[in-house]
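Subject: Handing over the two-chain model

Hi,

Here is the structure I promised to pass on to you. Have a look at it first, and then read on for what turned up.

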Amino acid sequence: MVASPTDCVIVDHVAKSFRRGSEEVHVLDELSLRVPEGEFLALMGPSGSGKTTLLNLIAGLDRPTSGEVTVRGEPISRLSEGKLALWRTRNIGFVFQFYHLLPVLSAYRNVELPLLLLPMTAAQRRQQVEMALNIVNLSDRMHHRPGQLSGGQQQRVGIARALVTDPALIVADEPTGDLDSKAAEEILALLVALKSSLNKTIVMVTHDPKAAARADRTLHLEKGKLVDEVYGAHTFSGVH
Amino acid sequence: MGLTLRLAWLVLDNTFRNPLRTLLTALGTVALVLVVTLVYTVLDNLDRITTEKSANLKLIATEKWQIPSQLPYRYVAGLAQGAAKSETDTRPTDYMSWAFFLGSLEADQSSRDFNSFIFAFVMEPEKVLTMMDELDELSPDSSDYKNLAAAVEKLKQNKQGIILGQSRMKKLNKKVGDRFKLYSRNYKDISLEFEIVGTFPQGRYDESTTFRRDYLNSALDQYQRDKGKAHPLADKSLNLVWLRVPTRDAFNEVANQIAEAPEFSAPAVKVETASSGIGNFLEGYRDLLWGARFLLAPACMATLALVIANSISISVRERQQEFAVMKVLGFQPYQILLLVLGEALFVGVVAGFFSATATYAFINFGLGGLPFKIGFLPTFDVPVSAILVGTFMGAGTALLGSLIPAWSACSVKVSEIFSRVT
């Protein structure tokens, strides 16, 4: 696969299999895709289709059995565990379905967490954290602990935490899956705003067609293969 | 360094996430460090008092072949001179003779109880301030010294005087100036009348008493006059003699002089340093002390390690997703390992330091020392080093107990925690 200077993510003939007892489970099968810089991509598919596995590979949380994942020119499958961890801090923002905020830390300190790993002064960290919380419109809740925030607010803290290191790529695993429709709509609007105003590349796994409709493009997976591609209202079936 | 400090804040936050569990773990640590501190205190003090000095040594002269030692009183004069015969022979710089006198205030044996008993060192009164352990180190400016010196002065002037330990006097329900009659238990048919002339300073001699040697001698003489024969212990009324010498060479010379002196051959006398004598005395407790050092202390540490391991394991199990999230955010396995170890270390250090310091303060300043009721051993002060040992003990066992949970935390596989294949 020939890289284009505008590609943020290139997944090149990636296969992933797990052993479950004596059985070999093939989760992804020679899958290839590109995600241009600034694109909002949605991944859909039934349970077991490999969406989250693909997301984990793109985010550098797992390694492919074969094939290559390149993010912004960096072949991340070849990085050591330590370098991959640092690479994630600088280049990936991760948004979880269940927020996964540390309950003992305030919103401010949850957002600050990834910055602790970077060589920054306290003043620089404060500036970044306040900016991220401002973007998600939670400046007035920065000293609240997760238990004192609503689900939508917690997810916004999660997004601020994903944003705070100013990564090029944000991966989101069903970010609206645990929210009511109103909060979900707010989160989707926020993701769209991040894409359009900050030019973030976003890869989002979702089961919700309404959420996917907010993306620039939607890829459908089945049994580890891409089977469908939707640009806005247009559908291109048989994509592999 | 910057990262370590930043992680330290996280350690503090996590430590107080479940205050009850942290408190219980800390209390377990406090209790076990307390036991280890007490064991350490006893062993450290025994080590100290059985360690040979190189100068200003105290020697003990006792009967060579018999325990309890029972020498004739006539030995005192010669032993006090170290059996020196000529001008060139080495002489001790000071001496003190002891006879042990056990008696009760109750004449009727059936009504005697522990509180009515007195155990006395029968000795030369002027030696109380110059030869008795710890009393010979009192500062002349201290009130303890001044009070004791006044009591000794009264004892010198009053043959029937007696100095009591404060705790013993309280148990006897007496006060300074009171008179009482003491019926001897080991000197059969000897009873002595006393007037309390003062007390020992609080501490080591709380249960001890002392009265004049010449009063016992007079009583033994009176017995002979009354009964027409010598008292059975008349020629066995010297239990031991303390000698002070300036150097180890002087000790060797004095010991040789006494060993070779024919006047100390029947019964024969042996001379040893006080520390060696105490060491020999403690031989009888060897198994007990071995058990304290090599079984009790390690058992406490192992228990403490298990308590901490259990607590940290529960915490790690509850926080597996958090550790996975931290890995997603870029935390490396070693940083998560340090985080968990740091939490245990924090609890261990704080609880260990608190426990050892509180034990130090309570025993040294509250109780006036740890009573160790074996022989004439002093009360033991908790050494300052016990604070360091207790802190290290808390820290070490916390680290030991948290190793496996910490390893389990840093080995969390992100893809397994979050991977639902969807």
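Let's start inside chain A, where A:Val11 stands opposite A:Val69 in β4(A). That pair belongs to strands β1 (residues 7-20) and β4 (residues 66-71) of chain A, which run antiparallel over five bridges. Two strands pair here if DSSP finds at least two bridges between them, and the element names come from DSSP runs numbered from the N terminus: helices are H or I with at least four residues, strands are E with at least two. In general, strands of a sheet pair through backbone hydrogen bonds, either parallel or antiparallel.

Before going further, two notes on the ground rules. This is a predicted model, in which local features need pLDDT of at least 70 and side-chain atom pairs count only at pLDDT 80 or more, while totals for chains, interfaces and linings use all residues. Residues are numbered from 1 along each chain as its sequence is written, and chains are lettered from A and ligands numbered from 1 in the order in which they are written.

Back to the chain A sheet. It is open and has four strands in the order β2-β1-β4-β5, with antiparallel pairing. At the edges sit β2 (23-36) and β5 (74-75) of chain A, each pairing on one side only. β1(A) and β2(A) share ten bridges, again antiparallel, and A:Arg19 has A:Glu24 as its bridge partner in β2(A). The hairpin of these two strands has two residues between them, and A:Gly21 takes a positive phi near 65° there. Helix α1 (residues 51-58) of chain A lies across β1, β2 and β4 of chain A, at about 125° to β1(A); axes are lines fitted to C-alpha atoms, for helices over the stretch in contact, and angles run from 0 to 180 degrees between N-to-C directions.

Elsewhere in chain A, take a look at the loop between β6 (92-95) and α3 (107-112), which holds A:Tyr99. A:Tyr99 has a phi near 65°, a positive value in a residue other than glycine. A:His100, found in the loop between β6 and α3 of chain A, has a positive phi of about 50° although it is not a glycine. Are these two buried or exposed? A:Tyr99 counts as buried because it has 23 C-beta neighbours inside 10 Å, and A:His100 is buried with 23 inside 10 Å. The cut-offs are 20 or more other C-beta atoms within 10 Å for buried, 12 or fewer for exposed, and partly exposed in between, with C-beta atoms placed from the backbone.

Now the nonpolar cores (sets of buried Ala, Val, Leu, Ile, Met, Phe, Trp, Tyr and Cys residues joined through C-beta atoms within 7 Å). The largest one has 120 residues, and A:Leu43 and A:Ile58 are among those with the most contacts inside it. Helix α12 (residues 333-367) of chain B provides the largest share of this core, 13 residues. Another core, of 56 residues, lies apart from it and includes B:Ala120 and B:Phe251.

How do the chains meet? The contact takes 26 residues from chain A and 20 residues from chain B, where contact means that the C-beta atoms of two residues, placed from the backbone, lie within 7 Å. On the chain B side, α11(B) gives the most, with six residues.

Chain B has its own strand pairs. β3 (residues 117-123) and β7 (residues 209-212) of chain B are parallel over four bridges, with B:Phe121 opposite B:Thr210 in β7(B). On the other hand, β4 (residues 161-164) of chain B pairs with β7(B) in the antiparallel sense over three bridges, and B:Ile162 stands opposite B:Phe211.

An unreviewed UniProt entry places the feature "transmembrane region" at residues 20-43, 294-316, 336-363 and 384-407 of chain B; such annotations may be inferred rather than shown by experiment, and the positions are in the numbering used here, with feature names shortened. In the model, residues 20-43 of chain B are 100% helix, with end C-alpha atoms 34 Å apart. Residues 384-407 of chain B are 96% helix, with ends 35 Å apart by C-alpha atoms.

B:Pro267 lies 9.2 Å from B:Gln66, C-alpha to C-alpha, although they are 201 residues apart in sequence.

Cheers
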